[in-house]
Amino acid sequence: MRRRKDPREAVLALAPLAVETLAEIMRGAGSDTARIAAAREVLDRAHAKGKGGEAEGGLTIVVRRFSDPEAAGPGPAE
């Protein structure tokens with residue numbers, strides 16, 4: 001009988017590929033929405049934020065477009 005691989009081990013083995021895929025999306029010429037979503041996923045994992053709640057000392061990212069009339073105004077931390 002063949003022993004099944006631990007699912008956590010399988011996921012951990014794919015983690016480097018997942019991060020590289022997200023990085024390619026972030027660097028790509030795709031939609032802003034896809035690039036921002038990829039960046040959020042990377043940052044969420046870097047700051048240990050899972051789907052279950054906020055990470056301690058979380059990071060807030062404000063994305064502004066030059067075409068946004070409010071983009072010229074001060075940010076929340078300014």
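**Exercise 1. State the accessible surface of the protein and its carbon and sulfur share.**

The accessible surface comes to about 7,100 Å². Carbon and sulfur atoms hold 57% of that. The areas come from the Shrake-Rupley method with a 1.4 Å probe. The model is predicted, and such totals use all residues, while local features need pLDDT of at least 70. Residues are numbered from 1 along each chain.

**Exercise 2. Find how much of the protein is buried.**

Take the 78 residues. Buried means under 20% relative accessible area. Residues of this kind make up 5%.

**Exercise 3. Describe how helix α1 packs against helix α2.**

Start with the elements: the protein has 2 helices and 0 strands (DSSP runs: H or I, at least four residues; E, at least two). Helix α1 spans residues 7-27 and helix α2 residues 32-46. Their axes, lines fitted to C-alpha atoms over the stretch in contact, lie 8 Å apart at about 140 degrees.

Next, list the contact (heavy atoms within 4.5 Å). From α1 come Leu22, Ile25 and Met26; from α2, Ala34, Arg35, Ala38, Ala39, Glu41 and Val42. These divide into 7 nonpolar, no polar and 2 charged residues.

Conventions. Predicted model: local features only at pLDDT ≥ 70, side-chain atom pairs only at ≥ 80, totals over all residues. Heavy atoms only, no water. Buried < 20%, exposed > 50% of the residue type's maximum accessible area, 1.4 Å probe, protein only. Axes fitted to C-alpha atoms, helices over the stretch in contact; angles between N-to-C directions. Nonpolar A, V, L, I, M, F, W, Y, C, P; charged D, E, K, R; others polar.
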